[in-house]
Amino acid sequence: MLGKLLKYDLKYMIKNMSVFYILAIVFAIITRILLSVEQTIIATIIKNITTGCMYAMVANIIINTLMRSWVRFRDSIYKDEGYLTNTLPVTKNQIYNSKFIQALIFFIVSFVIVILSIAIAYLNKDRWELLKNYIKGITTGLEISSGLFISGFLGIVFLEMFNALQCGFFGIILGYKQNNNRVALSVLFGFIAYFASQSIVLALVFIVGLFNESVMGLFTNTVLLETGALKILFALSMIIYIIIIWIMSIICKKLLNKGVNLE
Amino acid sequence: MSKDNNNLLEVKNLKKSFDKKEVLKDVSFSIPNGKIIGLLGKNGAGKTTLIKLINDLLTPTSGEILVNGNKIGVESKKVISYLPERTYLNKQMKVTEVLNYFEDFYENFDKEKAEKLLKDLDLDITQKLSKMSKGMQEKVQLVLVMSRKADLYILDEPLGGVDPATRDYILDTILSNFNENASVIISTHLISDIERILDEVIFIDKGKIVLQSDCDQLRKKENGSIDEIFRRMFKC
């Protein structure tokens, strides 16, 4: 049943997101074309407009992926559509997992589209070399491979997004347990959960810092003294995020399993 | 869990409060197989709250609900076909997509029957729900609900906001589309319209069940139609 739920959740997102994906790619292609032609005044104006549109679409994709995932979660569980979702012969855990997996898939798709759009618009041999050298500069300093650096960086970005996503789900579940001011309380609970999760990450890094001078240096110094501290910070943050996301998903499912109260 | 006393639905000491307001007060009743039951009461009596609780759309404050001996959950949802009092389908979907959706999730959904009923109603199955009127959407929902081979059909105000001709069609659709062993609960305050099809009635008032009776016995005992008895009982 999870597969069937996921199928319809993905269909919903495809319907709502595909237009932004297409527009981002189209504006990126136009920008690329206009960058390669002679920069007359008109060409420059059009190029600036399409570049602005492309960046607007990129920002739109990032924000919309998160917002749409929250809206989908709320609408299909707590609004009119909830009359169907909550009466399907499926468990609450399956409903929750479907929404979460759908959001994860679209985070990855959206990320690929964003990178692809920027690459289409600007990437050439010189910029590619510049980017490689830039990353090499960082990875040499950190004494890690480029692959490890990129996967670590993407890992942190995605875990941060998943954490924000789940804090939103948590806020919606708690907010819609109340009888009044449900939207406002959802936002409030979501922010509290997000703030708490960030504080936990920071607090745990600080605790590790009590036993590791280089990590404590991140709190006490204005400049990076040891690159090893950054490596520990990355690894530690990822582990803490994974644990927080896992624990919060258990809490969300427990709360959801206690039942809903539809208007 | 075993089936309790051959009852399809058992509601035991059910209470529901919103903040400090008690909407359902210690409600207990049972429903056997093969009956059409009218859940009758004035507006705000607690009919929809009771129905939502049976369908897992509200969490009870206390009490128990059993369907075929099972607590409310996946198993109960397999055998209950529920028509809410509002349009609840994703309006971005076409009718054909909704049919596929029901076929995907409900093993007892008869897609061919649904297509036939929709055709009888002159509804275009290629049309998006957002392009349909509210009345048309309600008909689609009724068809979906009645095209399941369920044990218990729960219809919340199926006649609300529809013209008299359509009311007759809805009642005929209900009568001709459920199997003998299934039961139907119809919640309404339009009693005269549904009286002809009811086997039993449950009167609910201020969150309490005030009467549960066989329709024929009640008419004989009180010497009047169900509509008249209801009016006498709940006279303002």
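Visitor: How many of the residues in chain A are buried?
Guide: Of the 263 residues in chain A, 43% are buried. Buried stands for under 20% relative accessible area, exposed for over 50%, and partly exposed for what lies in between, with a 1.4 Å probe and protein chains only. This is a predicted model, where local features need pLDDT of at least 70, side-chain atom pairs count only at pLDDT 80 or more, and totals for chains, interfaces and linings use all residues. Residues are numbered from 1 along each chain as its sequence is written, chains are lettered from A and ligands numbered from 1 in the order in which they are written, and side-chain values use heavy atoms, with hydrogens and water left out.

Visitor: Thanks! What helices and strands does chain A have?
Guide: Chain A has 9 helices and 0 strands, which reads α-α-α-α-α-α-α-α-α from the N terminus on. Helices (H or I, at least four residues) and strands (E, at least two) are DSSP runs, numbered from the N terminus. Along the principal axes, the C-alpha trace of chain A spans about 60 × 55 × 35 Å.

Visitor: And which residues of helix H8 in chain A are buried?
Guide: In H8 (residues 213-220), those are A:Ser214, A:Val215, A:Met216 and A:Gly217. Their cover includes helix H7 (182-211) and helix H9 (227-257) of chain A.

Visitor: Let's pick single residues. Where is A:Asn163 found?
Guide: A:Asn163 belongs to helix H6 (residues 146-175) of chain A. It counts as buried because its relative accessibility is 0%.

Visitor: What does A:Asn163 touch?
Guide: Leaving out residues up to four places away in sequence, A:Asn163 touches A:Tyr194, A:Ser197, A:Gln198, A:Tyr241, A:Ile244 and A:Ile245. A contact here means heavy atoms within 4.5 Å.

Visitor: Now helix H2 of chain A. Is A:Thr51 buried or exposed?
Guide: A:Thr51 is buried, at 13% relative accessibility. This threonine is in H2 (residues 41-78) and touches A:Thr31 and A:Tyr122, not counting residues up to four places away in sequence.

Visitor: What is the radius of gyration of chain B?
Guide: Chain B has 18 Å, in agreement with the value near 18 Å for a compact globule of 236 residues. The radius is taken over C-alpha atoms, and the globule rule is 2.2 Å times the number of residues to the power 0.38.

Visitor: How much accessible surface does chain B have?
Guide: About 10700 Å², of which 45% belongs to carbon and sulfur atoms. For chain A the surface is about 13600 Å², with 73% on carbon and sulfur. These areas come from the Shrake-Rupley method with a 1.4 Å probe; for residues, only the protein chains shown count as cover.

Visitor: How many positive and negative charges does chain B have?
Guide: Chain B has 37 positive and 37 negative charges, with mean positions 5 Å apart. Chain A has 22 positive and 12 negative side chains, and the two centres lie 11 Å apart. Lys and Arg count as positive, Asp and Glu as negative, while His and the chain ends are not counted. Each charge is placed at NZ of Lys, CZ of Arg, CG of Asp or CD of Glu.

Visitor: Last one: what is the phi of B:Asp26?
Guide: Near 50 degrees, a positive value in a residue other than glycine. B:Asp26 is in strand E2 (residues 21-32) and is partly exposed at 43% relative accessibility. B:Glu157 also has a positive phi of about 50 degrees; this residue sits in the loop between strand E7 (152-156) and helix H6 (164-176) of chain B and counts as buried at 17%.
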